[in-house]
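The points are grouped by topic.

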There are 2 protein chains.
Amino acid sequence: MPTPEPADVVVPCCPPLTAGELSEADAERMAGMFKALSDPVRLRLFSRIASHPGGEACVCDIADVGVSQPTVSHHLKKLREAGLLTSERRGTWVYYAVAPSVLAALSATLAPRVAP
Amino acid sequence: MPTPEPADVVVPCCPPLTAGELSEADAERMAGMFKALSDPVRLRLFSRIASHPGGEACVCDIADVGVSQPTVSHHLKKLREAGLLTSERRGTWVYYAVAPSVLAALSATLAPRVAP
DNA sequence: ACTCGATATTGATGAGTGTCAACATAGACG
DNA sequence: CGTCTATGTTGACACTCATCAATATCGAGT
């Protein structure tokens, strides 16, 4: 039976870009993640969450990025759908957190070759 | 006087996403790079170049990705304009190469926090 | 139950983007 | 010089996306 590892597993998303030809499926998956990070507002929201203690923050703490409230909600949804954030409602407020291991996976994907 | 380091310097592009609030300018710059990587065709072109010996490849060697030749040219231009690739004409053929240190910079930007 | 504050959803709109066919440019080679 | 091959550019079109106003939902208090 497969071991149900809960949270700290690097997603088998994508091989390093320098490792060889990317399959069409991998390219599609990676492009989705990069697309989620390809907007300045989303990057600022993400960095605010990632730099908060515990890698989590209430929407009310990060929402002042210069766009309207629906737009903030829209961007957070995109980041969540891309697998970069998770959200949890606690009473009145909703907390977004950086999805575990996603940063490591993306970072590894972009890691340069060690030996040419 | 500033030391003119030629090739192996990490571009002062952007701080790690987990380091703190991203400035608007940094967010804009990073978003541009991620946007360049947010297309499956561009990712496949980039990975083909990055995985070639020397991190460089002739267009003729990577052009068969399922889209027309003008589209390939268009995507390579985008990658070049984003600072991810460099191009050089050698006789009949044009060679694209991974821009030095860009991969390291982006990878470092996505690096997870070491100590929460 | 009613209200209020926080967040999400809907619908509309303008800007941006991926794609291709047609054409242009640039070396190489006869 | 003319032709052939490799690559870039232009213009057009369909499609996606970021944004906002308006509205909905959801908890908490009163």
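In this predicted model, Ala57(A) has Tyr96(A) of β3(A) as its bridge partner. Glu56(A) stands opposite Ala97(A), which also belongs to β3(A).

**Sheet of chain A**

- Strand β1 (residues 56-58) of chain A pairs with strand β3 (residues 93-98) of chain A in the antiparallel sense, over 3 bridges.
- Strand β2 (residues 85-90) of chain A is also antiparallel to β3(A), and 6 bridges join the two.
- β2(A) and β3(A) make a hairpin with 2 residues between them. In the turn, Gly91(A) has a positive phi of about 70°.
- Taken together, 3 strands of chain A form an open, antiparallel sheet in the order β1-β3-β2.
- β1 and β2 of chain A are the edge strands, each pairing on one side only.
- From one strand to the next, the twist averages 25°.
- In a regular strand, side chains alternate between the two faces of the sheet.
- Helix α4 (residues 69-81) of chain A lies across β2 and β3 of chain A. This helix runs at about 120° to β2(A).

**Chain A as a whole**

- Chain A has 5 helices and 3 strands.
- Read from the N terminus, the order of elements in chain A is α-α-β-α-α-β-β-α.
- Chain A has 116 residues, of which 35% count as buried.
- Among the contacts in chain A with a separation of 6 or more, 59% come from residues 24 or more positions apart.

**Helix α2 of chain A**

- α2(A) has 12 residues and should span 16 Å at 1.5 Å a residue.
- Is α2(A) mostly covered or mostly uncovered? α2(A) is mostly covered, with 11 of its 12 residues buried.
- The buried residues of α2(A) include the charged-class members Arg42(A), Arg44(A) and Arg48(A).
- Leu43(A), Leu45(A), Phe46(A) and Ile49(A) are also among the buried residues of α2(A).

**Contact between chains A and B**

- How many residues does each chain give to the contact? Chain B gives 34 residues and chain A gives 34 residues.
- On the side of chain B that touches chain A, the elements giving two or more residues are α1 (24-36), α2 (40-50) and α5 (102-110) of chain B.
- That side of chain B divides into 19 nonpolar, 8 polar and 7 charged residues.

**Crossing of α2(A) and α1(B)**

- The axes of helix α2 (residues 40-51) of chain A and α1(B) come within 8 Å and cross at roughly 115°.
- The crossing of α2(A) and α1(B) is right-handed.
- Which residues meet here? From α2(A) they are Pro40(A), Leu43(A) and Arg44(A). From α1(B) they are Glu24(B), Ala27(B), Glu28(B), Met30(B) and Ala31(B).
- By class, the contact of α2(A) with α1(B) has 5 nonpolar, no polar and 3 charged residues.
- Pro40(A), Leu43(A) and Arg44(A) meet α1(B), and these three residues of α2(A) are also buried.
- An α-helix has 3.6 residues a turn, so residues three or four places apart point the same way.

Terms used. Residues numbered from 1 in each chain as written. Chains lettered and ligands numbered in written order. Predicted model: local features only at pLDDT ≥ 70, side-chain atom pairs only at ≥ 80, totals over all residues. Contact = placed C-beta atoms within 7 Å. Helix = DSSP H or I, 4+ residues; strand = E, 2+ residues; numbered from the N terminus. Axes fitted to C-alpha atoms, helices over the stretch in contact; angles between N-to-C directions. Left-handed = near helix turned anticlockwise from the far one by under 90°. Pairing = 2+ DSSP bridges. Expected span 1.5 Å × (residues − 1). Buried ≥ 20, exposed ≤ 12 C-beta atoms within 10 Å, placed from the backbone.
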